[in-house]
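Subject: Structure handover

Hello,

Here is the structure you were expecting. My notes on it follow below.

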Amino acid sequence: MEFVEIELTQGNLNHDHLYLSSVIEFFPPDSIGGSNDSNLAPRALEVHSGIASPVRTDIAGDKKIFRRRAWVGEFFKVHNLAAGDRVIIEKTGADRYHVHPKRA
């Protein structure tokens with residue numbers, strides 16, 4: 001099983017996103033698109049977070065965040081996450097990922 005770990009910042013919590021820049025090589029290059037919806041990547045990822053239906057999204061290449069991010073704020077709230085907490089992103093299939101809090 002492959003996975004990466006990222007640390008949450010206050011910016012993540014304020015803007016409902018996950019910074020992927022430190023782990024961008026973990027994702028397929030063709031899943032990284034341009035800066036807006038008119039420049040979507042050719043490959044979409046299926047992201048499971050345990051709080052809602054899976055999300056199909058690419059990565060916004062300019063910001064290096066999941067482009068679809070409406071689910072992220074709920075994910076933070078449900079798991080009571082704060083700046084400094086760590087999140088695991090696991091690859092569970094060809095284009096499938098599971099995002100979950102790291103627990104001690």
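Start with Ala70, which lies in helix H2. Helices (H or I, at least four residues) and strands (E, at least two) are DSSP runs, numbered from the N terminus. Ala70 counts as exposed, at 78% relative accessibility. Buried means under 20% relative accessible area, exposed over 50%, and partly exposed in between (1.4 Å probe, protein chains only). The C-alpha atoms of Ala70 and Asp16 are 7.2 Å apart, although 54 residues separate them along the chain.

Ground rules. This is a predicted model: local features need pLDDT of at least 70, side-chain atom pairs count only at pLDDT 80 or more, and totals for chains, interfaces and linings use all residues. Residues are numbered from 1 along each chain as its sequence is written, and side-chain values use heavy atoms, with hydrogens and water left out.

The sheet. Five strands form an open sheet with mixed pairing, in the order E1-E7-E8-E3-E4. Two strands pair if DSSP finds at least two bridges between them. E1 and strand E4 (55-57) stand at the edges with a single partner strand each, so one side of each has no neighbour in the sheet. Neighbouring strands are turned by 30 degrees against each other on average, direction ignored.

E3 and E4 run antiparallel, joined by three bridges. Val47 has Val55 as its bridge partner in E4. Glu46 has bridge partners on both sides: Arg56 in E4 and Arg96 in E8. E3 and E8 pair in the parallel sense, again over three bridges. The E3–E4 hairpin has six residues between its strands, and Gly50 in the turn has a positive phi of about 80 degrees.

Ser49 is also in the loop between E3 and E4. Ser49 is buried, with a relative accessible area of 8%. Leaving out residues up to four places away in sequence, Ser49 touches Trp71, Phe75, His79, His98 and Val99. Contact here means heavy atoms within 4.5 Å.

H2 lies across E3, E4, E7 and E8, and runs at about 35 degrees to E8. Axes are lines fitted to C-alpha atoms, for helices over the stretch in contact, and angles run from 0 to 180 degrees between N-to-C directions.

The core. The largest nonpolar core has 25 residues; Leu18, Leu20, Phe27, Phe66, Trp71 and Ile89 touch the most other members. Two or more residues each come from strand E1 (2-7), strand E3 (45-48), helix H2 (70-78), strand E7 (86-93) and strand E8 (96-101). H2 gives the largest share, four residues. Such a core is a set of buried Ala, Val, Leu, Ile, Met, Phe, Trp, Tyr and Cys residues joined through side-chain atoms within 4.5 Å.

The rings. The whole structure holds seven aromatic pairs. Phe26 and Tyr97 are edge-to-face, because their ring centres are 5.8 Å apart and their planes stand at 70 degrees. Both residues, Phe26 and Tyr97, are buried. Phe75 and Phe76 form a tilted pair: 6.1 Å centre to centre, 50 degrees between the planes. Phe75 is buried at 0% relative accessible area, and Phe76 is buried at 5%. Rings of Phe, Tyr and Trp (its six-membered ring) pair if their centres lie within 6.5 Å; planes under 30 degrees apart count as stacked, over 60 as edge-to-face and the rest as tilted. Ring pairs link Phe26, Phe27, Phe66, Trp71, Phe75, Phe76 and Tyr97 into a cluster.

Best regards
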